[in-house]
Amino acid sequence: MLLRSLGVVEERAFEGTAVGRRVFLGILGLGAVGVVTGAAVQGWLERNVAPIIGHDPTGLLALLPIGRFRIYTVTGGLPERSPDDYRLRVHGLVERELDLSFDDLLAMPSTELVRDFQCVTGWRVPKVGWKGVRLRDVLDRAGVHDDGGAVRFVSFDGAYSESLTLQQARRDDVLVAYELEGEALSSAHGGPARLYVAPMYGYKSLKWLRSIEVTRRVVPGYWERRGYDVDGWVGRSNGRDDEAT
Amino acid sequence: MTTAAIRPPEPDLERFDRVERAVHWTTAALFGVLMLTGAALYMGPISTLVGRRDLMRTVHVVAGLTLPLPFIVGLVGKWGVRLRRDLSRLSRWTHDDRSWWRRGRRASARLGKFNPGQKLNTMFLGAAAIVMLGSGVMLKWFSIVPLDWRVGATFVHDWFALGIWVAVAVHIFLATNDSIALHGMRHGTVTAKWARTKRPRWYEEETGRPADRFKQSTAGP
């Protein structure tokens with residue numbers, strides 16, 4: 001219909017009814033409906049189908065686009081940095097500024113967490129294993145001033161930033177993570193080291209952690225300046241009702 | 001080969017002209033690039049194997065934006081007469097097309113230039129390409145759309161990708177099982193015998209001769 005109205009397809013008649021055109025337009029419509037309703041449908045699939053995939057002995061179901069990580073970057077590039085070149089700066093309202101190497105992080109007491117990872121764009125990866133250092137331990141090592149009330153994180157991708165209140169930052173389930181599923185954190189997942197904020201949506205878990213700055217008040221991060229909630233609790237923010245992680 | 005002895009030799013028929021073949025193969029190549037780079041971006045084990053994520057992403061986006069060009073260029077000029085006519089054929093379903101879907105009646109269906117599977121495949125892949133382009137643009141330039149649409153675009157891009165993999169796999173499997181049909185898309189021509197037996201109505205359109213005229217003699221006692 002579209003092609004004909006543009007005069008592209010000739011009016012020359014072949015016999016038969018235009019079923020093909022209806023199929024074509026139907027699939028276009030399906031795509032459009034999918035964009036609008038996909039959020040709800042994907043949520044349902046992540047809740048109801050993802051657990052089945054984990055028990056599929058053939059592994060074929062793992063090909064389905066459910067329960068898996070998608071890699072997002074805001075710069076379009078994946079910043080690469082080897083553990084040898086990695087530095088983590090801790091500054092702002094602290095007693096002593098720190099400039100930690102990757103080995104310094106490894107030398108600190110480690111914590112492991114296994115939690116679902118929930119993205120604000122709908123996908124959820126069940127039971128992901130993380131290992132890293134509690135952010136609280138890093139902050140204590142630097143010594144937070146009394147007037148410090150929030151923590152700001154900057155990525156070495158050159159664009160991304162995030163922030164937490166000091167109270168959130170001191171939770172047991174907030175890590176500077178360097179292992180994912182028992183393996184060194186790859187660049188795609190934010191390696192060598194990233195933030196992992198277990199109870200919040202993925203955008204709070206900043207990748208490629210470059211620096212930690214203690215500030216007086218919360219400075220909204222990259223997505224928060226673009227409309228996301230600053231307190232990104234899973235299931236209690238951004239107008240979503242996902243099960244808590 | 002008694003049939004060859006009975007039948008006077010007939011020249012091959014032109015099935016796809018240069019423009020149609022060029023559009024098919026450039027589009028097929030772009031589809032291939034998109035599917036492979038897509039897999040490299042999306043499938044964990046392949047991602048690890050291939051790496052080069054930046055490069056994969058750039059190639060994927062450029063190939064995606066290029067995808068409609070061969071088709072549009074092939075379609076718009078006066079060189080696109082045959083492509084336009086074939087599209088018109090592909091969008092129509094005849095009475096015989098409908099009986100073709102029923103196993104019992106498939107043998108008696110007298111098909112035109114394309115069988116219903118080819119028609120369905122064209123329409124699905126054509127529409128899916130547009131859907132992928134649209135949802136892909138939303139994923140790439142995410143700041144122009146609301147969050148819920150981004151979620152939906154992710155959902156649509158994922159599931160349509162799966163559908164495209166299945167459709168393309170079936171398409172290639174069937175094409176490699178019919179060497180003459182494949183020859184038609186590679187070199188442009190098919191044998192008259194193929195046309196007469198597999199696409200009788202098209203044979204009649206092209207040659208003006210009835211496709212079944214020797215049926216009596218070959219079906220003798």
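Visitor: What makes β5 and β10 of chain A a pair of strands?

Guide: In this predicted model, six bridges join β5 (residues 150-155) to β10 (residues 209-215) of chain A. Pairing requires at least two bridges, so these strands count as paired. They run antiparallel.

Visitor: Which residue of β10(A) does F153(A) stand opposite?

Guide: F153(A) stands opposite I212(A).

Visitor: Where do β5 and β10 sit in the sheet?

Guide: The order is β2-β1-β10-β5-β6 in chain A, an open sheet of five strands with mixed pairing.

Visitor: Why are β2 and β6 of chain A called edge strands?

Guide: β2 (98-101) and β6 (161-165) each have a single partner strand, so one side of each lacks a neighbour in the sheet. On average, neighbouring strands of this sheet are turned by 15 degrees against each other, direction ignored.

Visitor: How do you know which parts of chain A touch across the two domains?

Guide: The assignment gives domain 1 as 2-63 and domain 2 as 83-226. Their C-alpha centres lie 39 Å apart. Contact is judged by C-beta atoms within 7 Å, and seven residues of domain 1 of chain A are in contact with four residues of domain 2 of chain A.

Visitor: What supplies the domain 1 side of that contact?

Guide: α2 (19-48) and α3 (50-53) of chain A each supply at least two of its residues. α2(A) gives the most, with four residues.

Visitor: How many residues on the domain 1 side are nonpolar, polar and charged?

Guide: On the side of domain 1 of chain A that touches domain 2, three are nonpolar, three polar and one charged.

Key: Residues numbered from 1 in each chain as written. Chains lettered and ligands numbered in written order. Predicted model: local features only at pLDDT ≥ 70, side-chain atom pairs only at ≥ 80, totals over all residues. Domains from an automatic or database assignment. Nonpolar A, V, L, I, M, F, W, Y, C, P; charged D, E, K, R; others polar. Axes fitted to C-alpha atoms, helices over the stretch in contact; angles between N-to-C directions.
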